[in-house]
Amino acid sequence: MSDDADSEFAAAVARAGVTIPPERWVAMREAYVSMQTLLKVLDDPLAYEDEPASMPRFDLGVK
Amino acid sequence: MSAEPLPTLAEAGRKIAAGEVSPVELTEAALARAVALQPKLDAFIEITADRARAAAKRAEKEITGGRRRGPLHGIPYGLKDIYDAAGLRTTAHSRVLIENVATADAATTARLEEAGMILIGKLATHEFATGGPAWDLPFPPARNPWNTAHFTGGSSSGSGAAVAAGILGLAMGSDTGGSIRLPAAYCGTVGLKPTYGRVSRRGVVPLCYTLDTTGPLTWTVEDTALAMQVLAGHDPRDPGSADVPVPDYRAGLRDDVKGLRIGYCRDFNRDGEVNAEQSAALDQAAQLLAREGAEVTEVALPPNAQFQACARTISHSESFAIHADVLRTRPELYARVTRERLMLGGFLTAAQYVQAQRLRRILTRKVDALFETVDVLLTAVIPGAAPVLEETDDGPWRRQQPLASVFNVTGHPAMAQSCGFSATGLPLSAQFVGRHFDEATVLRVGYAYEQAAGWVNQRPALATL
């Protein structure tokens with residue numbers, strides 16, 4: 001892992017306000033990298049009209 | 001302990017109506033079985049024997065007095081220990097809530113009690129319906145009745161174990177990323193994740209507000225229909241609840257599948273890393289449904305990675321928001337696996353959460369489009385049979401992407417049920433998925449498949465001890 005990635009993870013931990021014991025640091029950093037790799041798909045551009053589905057209302061229009 | 005598993009809900013209802021068995025006898029049988037199998041399965045966190053016996057006597061008095069409330073009156077059930085039942089602890093299998101006593105019933109508990117059902121106990125779960133099997137908690141993880149060395153699936157682990165072992169005809173579960181369907185799949189039961197908003201979540205410990213659903217695990221599809229008849233309906237005190245009419249779930253249950261269009265998501269098996277024997281079992285399920293008269297065609301879902309990015313971002317973000325305070329101030333209260341998986345949500349950004357919610361709407365639209373040409377989708381819910389419990393992934397990042405969470409993202413109703421067995425004798429599972437609020441068609445297809453395939457007649461050897 002690069003120093004940049006390690007710094008990024010340290011910053012994320014600090015921002016979250018949680019404490020990771022030294023013996024779990026590497027495992028958590030690897031988990032963070034795996035998560036960010038999966039989430040790259042979220043960087044794909046979306047159209048302005050693609051609004052969030054924050055609170056689904058699948059019942060709209062059913063009645 | 002009785003040599004036989006408890007009868008199904010439908011069978012028990014028929015026997016009670018005919019006077020062949022009483023609620024007290026059924027309750028005593030369930031309690032005896034629960035106690036006898038607890039050392040092997042650890043399915044229960046608490047067995048509520050006194051409460052159950054008192055409720056059974058009341059039910060018996062009502063029924064013999066000619067006041068039978070309905071087909072579930074006098075029949076035992078269990079609650080995953082994230083559901084409130086007034087006067088009982090709701091621990092979520094966690095030290096964090098070890099002293100938490102519910103002051104009111106969850107909306108679903110209230111509906112089951114009103115139907116006259118008898119609560120036998122609170123069931124094991126993965127801590128806060130997330131994490132995984134863990135040994136550094138106040139209660140041990142549940143074990144799979146087909147082979148107690150194996151994982152039940154989760155997070156509704158005790159629910160899957162108790163139904164598969166024939167202790168209960170109905171156990172409630174919750175499903176944020178597969179937590180009803182995964183234990184149903186690994187334990188060989190039926191497990192229905194209803195449409196988001198179909199069944200109230202009020203009084204159930206939340207994990208992720210916009211993905212959480214509540215629903216039943218049963219042994220048969222008919223029993224799931226019976227349970228849904230009681231559970232489904234609008235709850236104005238649940239912000240996610242939908243005000244959509246509830247149909248008669250048993251009305252069309254026995255209709256055959258002739259003319260129904262089933263979209264088999266065969267490509268999804270590869271995308272989801274489904275193994276060869278699970279893929280073959282799904283192929284055979286599709287072929288059987290075609291022989292029964294369904295029009296089976298292959299359809300393609302969007303890439304699994306898109307669903308997983310959505311599900312994980314949303315679930316981790318919302319669950320971190322719920323647990324942030326305790327994670328920061330008393331992290332030692334959680335099991336390590338729970339703590340680490342919950343913490344991941346703190347490393348996400350607001351922009352990622354919003355993008356995931358935007359992608360979620362796009363994916364939902366794409367799956368809705370499939371339902372313009374088919375009535376039900378058939379997919380995998382698990383990549384293969386249950387792993388050995390001690391070898392279950394306990395890292396902070398799940399190596400395998402859960403296939404079930406696809407339909408938490410889109411909100412569609414999805415039901416897992418047995419579709420055969422692995423070479424090692426463990427259940428394999430199919431998943432039927434329907435249009436929003438069309439649980440009835442999912443049940444119809446599931447019932448037709450269940451009757452034609454016959455897997456429902458095989459129970460774990462443990463259940464017939």
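Mentor: The axes of helix 10 (residues 304-329) of chain B and helix 12 (residues 350-370) of chain B come within 9 Å and cross at roughly 135 degrees. Keep in mind that this is a predicted model, in which local features need pLDDT of at least 70 and side-chain atom pairs count only at pLDDT 80 or more, whereas totals for chains, interfaces and linings use all residues. Residues are numbered from 1 along each chain as its sequence is written, while chains are lettered from A and ligands numbered from 1 in the order in which they are written.

Trainee: What makes helix 10 of chain B and helix 12 of chain B oblique to each other?

Mentor: Axes are lines fitted to C-alpha atoms, for helices over the stretch in contact, and angles run from 0 to 180 degrees between N-to-C directions. Angles under 35 degrees count as roughly parallel, over 145 as roughly antiparallel, 65 to 115 as roughly perpendicular and the rest as oblique. The crossing is at roughly 135 degrees, and therefore helix 10 of chain B and helix 12 of chain B are called oblique. Helices here (H or I, at least four residues) and strands (E, at least two) are DSSP runs, numbered from the N terminus.

Trainee: Which residues of helix 10 of chain B and helix 12 of chain B meet, and how many of them are nonpolar, polar and charged?

Mentor: Contact is judged by C-beta atoms, placed from the backbone, that lie within 7 Å. On the side of helix 10 of chain B the residues include F307(B), C310(B) and I314(B), and on the side of helix 12 of chain B they include Y353(B), L359(B) and R360(B). Ala, Val, Leu, Ile, Met, Phe, Trp, Tyr, Cys and Pro count as nonpolar, Asp, Glu, Lys and Arg as charged, and the others, Gly among them, as polar. On that basis the contact of helix 10 of chain B with helix 12 of chain B holds eight nonpolar, five polar and one charged residues.

Trainee: Why are helix 9 of chain B and helix 14 of chain B called roughly perpendicular?

Mentor: The axes of helix 9 (residues 276-291) of chain B and helix 14 of chain B come within 10 Å and cross at roughly 100 degrees, and the two helices are therefore roughly perpendicular to each other. A285(B), L288(B) and L289(B) of helix 9 of chain B meet Y449(B), A452(B) and A453(B) of helix 14 of chain B, a contact with six nonpolar, no polar and no charged residues.

Trainee: What makes strand 1 and strand 8 of chain B edge strands?

Mentor: Two strands pair if DSSP finds at least two bridges between them. Eleven strands of chain B form an open sheet in the order 1-3-2-4-6-5-10-11-9-7-8, with mixed pairing. Strand 1 (44-47) and strand 8 (295-298) of chain B each pair on one side only, and they are the edge strands.

Trainee: How do you know that strand 2 of chain B and strand 4 of chain B pair?

Mentor: Two bridges join strand 2 (residues 76-80) of chain B to strand 4 (residues 170-175) of chain B, and the strands run parallel; at least two bridges are what pairing requires. For L79(B), the bridge partner in strand 4 of chain B is M172(B).

Trainee: How many residues does each chain bring to the contact between chain A and chain B?

Mentor: Chain A gives 27 residues and chain B gives 38 residues. The largest share of the side of chain A that touches chain B, seven residues, comes from helix 2 of chain A, and that side divides into 19 nonpolar, four polar and four charged residues.

Conventions: Contact = placed C-beta atoms within 7 Å.
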